[in-house]
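Please keep the sequence and the model in view while reading.

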Amino acid sequence: MTNKIDEKFIENLLSFGIELDDIKLEQFHKYYELLIEWNKNINLTAITEYGDILTKHFLDSLAIVKAIDFKQTLSLIDVGTGAGFPGIPIKIVFPNIKVTLLDSLKKRVNFLDEVIKNLSLTDIETIHGRAEDFAKEDKLREQYDISVSRAVANLSTLSELCLPYVNVNGKFIAYKSEKADIELNEAENAIQILGGGNIEKISFLLPGTEFERNIIVIDKIVTTPSKYPRKSGKPEKTPL
Ligand code: SAM
């Protein structure tokens, strides 16, 4: 059963070129219910109104289609995914992509495991740990077409956490709001050191709102020097 809020969500997704069938809409409903249920005991989201979650979490996560053609994408890692944003909405809409959700907070990873089970999602894994540590592992380093991150750190820090996971010719995508230009200026050096380039900023208003959003698209041009990322905490304390 759809209601007016669902219809608005479906319409907003159509403006992104995304058609939502009943099965996927039902998965979003279940995801919402689990978020609210688990949010009573662990801190997952400050946003709890149904319509707000659909817009500010689900729709916002899916704005990545402005930057990425998911028909050409095989694998994606979401660094600092928290309650699953943007990784879970992307997986629901594009089930063929292999998705890794990484977060340093065990309780949130437990929640994500429950979502995966309840929504019957396949070809998706969770990793509990710090991005700095797992980026050193051969089976993850430079293994992804896309590394993505939303609301985790400033762009310099984030580049060090995310670019090591991307294969050469892949992309690192960062979701940013108003301060995108300042962060871009400050991150230029870090991006170059870490093997990134061809930086692009895609600006838009989140459909149905006045919220400015920016998606930063960074190509992986050359391999990341093996000394990066530096040890846990360093990218945040002293950004490159
Ligand atoms: N991406 C989600 C979103 O947009 O709602 C979550 C954002 S939340 C503010 C930041 C998340 O990043 C937290 O869940 C935190 O545990 C995780 N995080 C921060 N630094 C991290 C690191 N170095 N490695 C892994 N996860 C990290």
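This is a predicted model: local features need pLDDT of at least 70, side-chain atom pairs count only at pLDDT 80 or more; totals for chains, interfaces and linings use all residues.

Residues are numbered from 1 along each chain as its sequence is written, and side-chain values use heavy atoms, with hydrogens and water left out.

Helix 2 has 18 residues and spans 25 Å from its first C-alpha to its last, close to the 26 Å expected at 1.5 Å a residue. Helices here are DSSP runs (H or I, at least four residues), numbered from the N terminus. Among the buried residues of helix 2 are Leu25, Phe28, Tyr31, Leu34 and Leu35; buried means under 20% relative accessible area (1.4 Å probe, protein chains only). Their cover includes helix 1, helix 3, helix 4 and helix 5.

| Pair | Angle between axes | Axis distance |
|---|---|---|
| Helix 2 and helix 5 | about 150 degrees | 10 Å apart |
| Helix 1 and helix 2 | roughly 120 degrees | within 12 Å |

Helix 2 and helix 5 are therefore roughly antiparallel (angles over 145 degrees). In their contact (heavy atoms within 4.5 Å), Lys30, Tyr31, Leu34, Leu35 and Trp38 of helix 2 meet Lys107, Asn110, Phe111, Glu114, Val115 and Asn118 of helix 5.

Asp6, Phe9 and Ile10 of helix 1 meet Leu25, Phe28 and His29 of helix 2.

Notes. Axes are lines fitted to C-alpha atoms, for helices over the stretch in contact, and angles run from 0 to 180 degrees between N-to-C directions. Helices (H or I, at least four residues) and strands (E, at least two) are DSSP runs, numbered from the N terminus. Angles under 35 degrees count as roughly parallel, over 145 as roughly antiparallel, 65 to 115 as roughly perpendicular and the rest as oblique. The expected span of a helix is 1.5 Å times one less than its number of residues. Buried means under 20% relative accessible area, exposed over 50%, partly exposed in between (1.4 Å probe, protein chains only).
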